[in-house]
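Biologist: Please pick one part of this model and take me through it closely. After that, I would enjoy a tour of what surrounds it.

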Amino acid sequence: MADLTLYHGLLALIPGRVRAGEPMKKHTSWRIGGPADIFVEPGNRRELQLVVSFARDKGIPLTVIGAGSNLLVSDNGIRGIVVKIGNGMARVFTVGNEITVEAGAKLAVVASTARDAGLGGFEFSTGIPGTVGGAVAMNAGANGSAVSALVKNVLILNFDGNFVGKSKEDMSFSYRRSILHSEPAIIVEATFTCYPRDKKLIREEMADYLKKRKASQPLCYPNAGSVFKNPPGDSAGRLIEATGLKGVRVGNAQISTLHANFIINLGSATAKDVLALIEHVREVVNSRFGVDLQPEIKFTGYD
Ligand SMILES: Cc1cc2nc3c(=O)[nH]c(=O)nc-3n(C[C@H](O)[C@H](O)[C@H](O)COP(=O)(O)OP(=O)(O)OC[C@H]3O[C@@H](n4cnc5c(N)ncnc54)[C@H](O)[C@@H]3O)c2cc1C
């Protein structure tokens, strides 16, 4: 239940951008998740800083999300303030071979901006949904590359309310990980270094990746992409498929019959359904292959 005093306090600071009891299923690609006590989508970085200072002063937990394409949000929702970095912070600038992007911009917009400017580098990301903030935090990757290959530097806002510049090295990138996993903060902006490339070649490579994705991923059902990380030298999808679990259901959550590392929402799946399926997959894969699959998705609202 939202604390209405806090809600009105934040609303006074940022009129029109704060909601109480917002259903998180409206903000996740799985279409799953209970209510956020207080939900705010800042219109710019100054408003974001006001939210962070407010949360710090009142001692309220802060949860940061982008497009929610990698999140399993609890059926009980999220306590405290959820801050969504979205359209209010989505400017994209290109200077020479460098692209500087606010964290709320869609990764797809950055990839098409690079393509149209004749800049190579983002081709690999074709079809990865979500924002630049989410992509940098998760070190999103595909087709043998990842966002970290292009990052030059990142501007973050820490939970004390200060803006801090980070170099690529400071970000401690590894497979689907960055420093944000151990030191929570908010990505505000990132600068990427690309390289000149023929637009036609970029377009062809992107079209090829998109075609492969459409053929191999269950894109007509709500999902959150790959649920598990690939274990070293293997593929989570291959292991799950080999156990014969494709098509298995818990409630309205189902292991995709198209791609075994995707769990789809058949209509009204709950986070509880998805969690039960995740646990089942881990147990079966572990007992069959001795591999302890690690989730790639982030669990939110379970503290
Ligand atoms: C159909 C489909 C296909 C996918 N394919 C891929 C793929 O090929 N490769 C891949 O890597 N991923 C893939 N994903 C997963 C997802 O798209 C990526 O992880 C994406 O980068 C997440 O971005 P987001 O904005 O949705 O982040 P969210 O899901 O909102 O958040 C993910 C994490 O990032 C953090 N975060 C988000 N924004 C910020 C910010 N501004 N500052 C600090 N932290 C932030 C959140 O706190 C959370 O921990 C896929 C998902 C779907 C649905």
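Modeller: Let's start with Ser 74. Apart from neighbours up to four places away in sequence, Ser 74 is in contact with Gly 33, Gly 34, Ala 271, Thr 300, Gly 301 and Tyr 302, where contact means heavy atoms within 4.5 Å. Please keep in mind that this is a predicted model, in which local features need pLDDT of at least 70 and side-chain atom pairs count only at pLDDT 80 or more, while totals for chains, interfaces and linings use all residues. Residues are numbered from 1 along each chain as its sequence is written, and side-chain values use heavy atoms, with hydrogens and water left out.

Ser 74 sits in the loop that links β4 (71-73) to β5 (78-84); helices (H or I, at least four residues) and strands (E, at least two) are DSSP runs, numbered from the N terminus. Ser 74 counts as buried because its relative accessibility is 4%, the classes being buried under 20% relative accessible area, exposed over 50% and partly exposed in between (1.4 Å probe, protein chains only). A polar atom of the Ser 74 side chain lies 2.9 Å from the backbone nitrogen of Asn 76.

Ser 69 is buried because its relative accessible area is 19%. Beyond four places in sequence, Ser 69 is in contact with Ser 29, Pro 129, Gly 130 and Ala 224.

As background, most residues other than glycine have a negative phi. Arg 31, although not a glycine, has a positive phi of about 60 degrees. Arg 31 belongs to the loop between β1 (18-23) and β2 (35-40), and with a relative accessible area of 46% it is partly exposed. Asn 143 is likewise not a glycine, and its phi is positive at about 50 degrees. Asn 143 is in the loop between β9 (141-142) and β10 (145-146), and its 42% relative accessibility makes it partly exposed.

Stepping back, the chain is divided into domain 1 (4-84), domain 2 (89-202) and domain 3 (218-300), with bounds that come from an automatic or database domain assignment. The centres of domain 2 and domain 3, taken over C-alpha atoms, are separated by 27 Å. Their contact takes 5 residues from domain 2 and 4 residues from domain 3.

Now to the interior. A nonpolar core is a set of buried Ala, Val, Leu, Ile, Met, Phe, Trp, Tyr and Cys residues joined through side-chain atoms within 4.5 Å. The largest one has 54 residues, and Leu 10, Leu 48, Ile 81, Phe 122, Val 136 and Phe 192 touch the most other members. Domain 1 and domain 2 both give residues to this core, so it lies between them. Trp 30, Ala 224, Ala 260 and Val 285 are among the 23 residues of a second, separate core. As for Phe 122, its contacts beyond four places in sequence are Leu 107, Val 110, Ala 111, Ala 114, Leu 150, Phe 192 and Cys 194.

Next comes a sheet. Five strands form an open sheet in the order β6-β7-β13-β11-β12, with antiparallel pairing; two strands pair if DSSP finds at least two bridges between them. The edges are β6 (92-95) and β12 (163-167), each with a single partner strand, so one side of each has no neighbour in the sheet. From one strand to the next, the twist averages 15 degrees. β6 and the antiparallel β7 (residues 98-102) are joined by 4 bridges. Thr 94 has Ile 99 as its bridge partner, and Val 92 stands opposite Val 101. These two strands make a hairpin with 2 residues between them, and Gly 96 in the turn has a positive phi of about 60 degrees.

Helix α2 (residues 45-58) lies across β7, β11 (151-157), β12 and β13 (186-193), at about 140 degrees to β13; axes are lines fitted to C-alpha atoms, for helices over the stretch in contact, and angles run from 0 to 180 degrees between N-to-C directions.

Let's finish with Ser 216, in helix α5 (residues 199-216). Its relative accessibility of 31% makes Ser 216 partly exposed. The side chain of Ser 216 reaches the backbone oxygen of Lys 212 at 2.9 Å, a polar contact (a pair of N or O atoms within 3.5 Å; within protein, one must be able to donate a hydrogen and the other to accept it, and residues adjacent in sequence count only if both atoms are side-chain atoms). Beyond four places in sequence, Ser 216 is in contact with Leu 258 and His 259. Ser 216 and His 259 are 43 residues apart in sequence, and their C-alpha atoms are 6.4 Å apart in space.
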